Amino acid sequence: MTATDHSPKPARTRRLVSWQYARTFAIHGVLLLLMVAFLAPVVWAILSSFKQANGIIRAPLVFDPSSFTLDNYTSMFEDVPIVRGFSNTAVVLVFKGAITMFFAPLAAFAFAKYDFKGKNVIFGMVLVTLMLPTIVLIIPLLLEMKTLGWVNTYQGLILPGAVDAFAIFWMRQVIRAVPDDLLAAARIDGCSEFGIFWRVIVPVIRPGLAGLAVLTIMNIYNDFVWPVVVASSDDRATLQVVLSSLAQNITGNRIGADYATVTGELLAAASVALIPLLIFFILLQRHFINGILAGSVKG
Amino acid sequence: MARLRAAPYVFVAPFVAMFLAFSVYPMVFTVRLSFTSWRGAGDPVWIGWDNYSYLLTNDRFWGSLWNSAALWLLIVPVQLVVGVIVAVLLNSAKLRLRGMYRVAFIVPFVTPLVAVAQIWVVLFDQSYGAINSLFALVGLPEVGWLTTSTWAKPTLALLFLWKTTGFIVIILLSGLQSIKPVLYESASLDGASWSQQLRSITVPLIRPTIMFVVVLQTLAVFQMFAEPFVVTQGGPYSSTTTAGYFLYNQINRADLGTGAATSLLLVVAVMALSLMFVRMLRAEDGS
């Protein structure tokens, strides 16, 4: 949009060009303002976590890089079982993630490419799972976990919701776009039905799977409601559960707690939880955003 | 081709097994539990519709629904208007830095809610928070964001808006991309202004996407739990005790029969609302 005025233009065109400039300027103004609003809280928290605890509450808007310190981090790692939170989250992430990434596309394959008796009923189950508010199931699910002896265990954290309904729904759309000829050709070559899934479908839908992987990892990493109910004990608490108990130290009147210290530790913990996911997302955002752009409801 | 016939059943079996174990069984259990009085130990006592009549005449239950409804009002209309406008701006032809904006807008959506909610607690603290410092800088009075019942709801709504609007923008953007540019070209040739195009081309054509967003966010707002749990613990004076937090309180007090009834009433309310929106938008479509 570089306006190179070599020849004198009629006044009307020039007015049009400058109007266009104003328009572009206004659009970027709005978008930039919004971008600042969206990024500011995160940036503020990460920067503040390096300040002295007193400085965070005395002068929340002042940043002096020369006095930055890791004090909040060292005291946070001492006081908060955040490492255990991370390792619990990692275990859940690996197993629950693997189950979702394998079984959801497999079921989606059946829904997309086969005709079988009861297909509509079973797909109806997927839709019901999608619509049902998760909180409805929490009480009976918790009781079920108690009966099974799964409270405060990895199984309890991993299995419920592991074959994610949204993942099935999304992958079904993706697999539908794979041409049937490919499957027929593989069948003629003597490929087994599972072989078709593994050697034909999976390689073809790899971009969709990448998007699903990003979403699944984010969901599991950020999941909070179910973990806080089923694994509230320290030894199985996930990262988010550990984090949530910190904020309550501030607002829940922990007697004798030094507000500045707790705030410093809290911002350090929040930053430690935020940063890996942010890096992960920024590296892989293309897959995720393209996934949503391609996979959601079309107008 | 026996294997061809058996294969799909094998493929969906893991999902079906999980569905039966972790959705159907608990669901049936909830319905039965909702007709009993049970505190988690001993035998449940059958009490018929008592839980339901207790809830339907309980001020706290209605209060929590009202709190959720108020949050809905503070969130969904704002998010739709802002979302559509931003999506349209992002969709404008020849926009530079589009990728950068998209990533920046969706950052709040990917950050862990608990971490962000904690940051909110610190930012909006009445005496030490950055927001009130900013207010002081420009000469505005100190506000009790999380300590007064007037401001606690808008502050939570702001957290929700901040967290999810970027994601909604991307969803709306996917709807916008299916509109053919020719429509806008001919409209501007006919002299239609920007706002006219927005009203008579954009919004009608992405109505299905808008409907999807409304239903999605209605479900999310009425289930809202982590935000009040971390930021306000339902206070001050129960002003942020959402329907989801009300249910959590009952689980916490081991009042499981009433909790089960609450969750079923909540499902009915949420499903009714969703259906109502779908109907409303369809009806408007027909006119």
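Predicted model: local features only at pLDDT ≥ 70, side-chain atom pairs only at ≥ 80, totals over all residues.

1. Val126(A) is buried, because 24 other C-beta atoms lie within 10 Å and the cut-off for a buried residue is 20 or more. Val126(A) belongs to helix α5 of chain A. Once residues up to four places away in sequence are set aside, Val126(A) touches Ala165(A), Ile168(A) and Phe169(A).

2. At Pro140(A), α6(A) bends by about 35°. Pro140(A) is also one of the buried residues of this helix. Just after α6(A), Gly149(A) adopts a positive phi of about 75°.

3. The two chains meet through 72 residues of chain A, which are in contact with 81 residues of chain B. On the side of chain A that touches chain B, at least two residues each come from α1 (11-48), α4 (82-113), α5 (119-131), α6 (134-148), α11 (206-222), α13 (239-251) and α14 (259-295). Which helix gives the most to this side of chain A? That helix is α14(A), with 14 residues. By residue class, the side of chain A that touches chain B divides into 57 nonpolar, 12 polar and 3 charged residues.

4. The largest nonpolar core holds 149 residues. The residues that touch the most other members of this core are Ala107(A), Ala269(A) and Ala270(A), together with Ala117(B). Leaving aside neighbours within four places in sequence, Ala107(A) is in contact with Val163(A) and Ile168(A) in chain A, and with Phe11(B), Val12(B) and Phe15(B) in chain B. Ile168(A) has already been named among the residues that Val126(A) touches.

5. Chain B has 13 helices and 2 strands. Its C-alpha atoms fill a box of roughly 75 × 75 × 40 Å, taken along the principal axes. Of the 287 residues of chain B, 41% count as buried. Among contacts in chain B between residues at least 6 apart in sequence, 70% join residues at least 24 apart.

6. Two residues of chain B deserve a check of their backbone angles. Leu97(B) has a phi near 60°, a positive value in a residue other than glycine. Leu97(B) is found in the loop between α3 (59-91) and α4 (98-110) of chain B. Tyr237(B), likewise not a glycine, has a positive phi of about 50°. Its place is the loop between α11 (226-232) and α12 (243-252) of chain B.

7. Are these two residues buried, partly exposed or exposed? Leu97(B) is partly exposed, because 13 other C-beta atoms lie within 10 Å, and a residue is exposed if the number is 12 or fewer. Tyr237(B) counts as exposed, because it has 10 C-beta neighbours inside 10 Å.

Key:
Residues numbered from 1 in each chain as written. Chains lettered and ligands numbered in written order. Contact = placed C-beta atoms within 7 Å. Helix = DSSP H or I, 4+ residues; strand = E, 2+ residues; numbered from the N terminus. Nonpolar A, V, L, I, M, F, W, Y, C, P; charged D, E, K, R; others polar. Bend = angle between axes of the 7 residues up to and from the residue. Core = buried A, V, L, I, M, F, W, Y, C linked by C-beta atoms within 7 Å.
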